[in-house]
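Colleague: I would like to go through the labels used for this model and hear what each one rests on.

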Amino acid sequence: MAWWFRRRSEPDDEVVSVRLPAGHEVELPPDEELAELTAGAEQGDDVAMGNLAAVLHRKGDRAGALHWWGRAWEAGNVVAGFNLGCSTRPLVTRTARR
């Protein structure tokens, strides 16, 4: 299993922050790991949903990313909720002050 993905059954003490500098290249998972990730997301694992959304976002699939971040948020994943909020356009626009 890749460094960016963890199952709920894996211990949390091995999880490290995955925040990367802005210019850092992120390697996308191989197809077999992406298939595992998709299967976990479809089975209702909110961590897998959030990670799948991040991969889709990185690939340029905004609609797919928003879909999975939304499902993960509904399942209780607060990180997905944050990402969802950062990825959507504001519903209310500010008016210019005169």
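Colleague: Which residues of H2 are buried?

Modeller: In this predicted model, the buried residues of H2 are Asp46, Val47, Ala48, Met49, Gly50, Asn51, Leu52, Ala53, Val55 and Leu56. That is 10 of the 14 residues, and H2 is mostly covered.

Colleague: What do the buried residues of H2 pack against?

Modeller: They pack against H1 and H3. Leu52 is one of the buried residues; leaving aside neighbours within four places in sequence, Leu52 is in contact with Leu34, Leu37, Thr38, Ala41 and Trp68.

Colleague: How do you know that the span of H2 agrees with its number of residues?

Modeller: The expected span is 1.5 Å times one less than the number of residues. For the 14 residues of H2 that should give 20 Å, and the end C-alpha atoms are 20 Å apart, so the two agree.

Colleague: What is found at the start of H2, and what follows H2?

Modeller: At the start, a side-chain oxygen of Asp45 reaches to within 3.0 Å of the backbone nitrogen of Val47. The cut-off for a polar contact is 3.5 Å. After H2 comes Gly60, with a positive phi near 95°.

Colleague: Which members of the largest nonpolar core touch the most other members?

Modeller: Leu37, Ala41, Leu52, Trp68 and Trp69 do, out of 15 residues. H1, H2, H3 and H4 each supply at least two residues of this core, and H2 gives the most, with six. Nonpolar side chains tend to be buried together in soluble globular proteins.

Colleague: Why is Ser87 called buried?

Modeller: Buried means under 20% relative accessible area. Ser87 has 19%, so Ser87 counts as buried. Ser87 lies in helix H4, and its side chain reaches the backbone oxygen of Asn83 at 2.8 Å. Leaving aside neighbours within four places in sequence, Ser87 is in contact with Arg62, Leu66 and Trp69.

Colleague: Why is Trp73 called partly exposed?

Modeller: The class lies between 20% and 50%. The relative accessibility of Trp73 is 45%, which means that Trp73 counts as partly exposed. Trp73 is in helix H3 and touches Val78, Ala80, Gly81 and Leu84, not counting residues up to four places away in sequence.

Colleague: What is the average pLDDT of the protein?

Modeller: The average is 76, and 63% of the residues score at least 70. Over residues 14–21 the pLDDT is below 50, and that stretch has three contacts in the model beyond near neighbours in sequence.

How values were computed: Residues numbered from 1 in each chain as written. Predicted model: local features only at pLDDT ≥ 70, side-chain atom pairs only at ≥ 80, totals over all residues. Heavy atoms only, no water. Helix = DSSP H or I, 4+ residues; strand = E, 2+ residues; numbered from the N terminus. Buried < 20%, exposed > 50% of the residue type's maximum accessible area, 1.4 Å probe, protein only. Contact = heavy atoms within 4.5 Å. pLDDT = per-residue confidence, 0-100. Core = buried A, V, L, I, M, F, W, Y, C linked by side-chain atoms within 4.5 Å. Polar contact = N/O pair within 3.5 Å; in protein donor to acceptor, adjacent residues only side chain to side chain.
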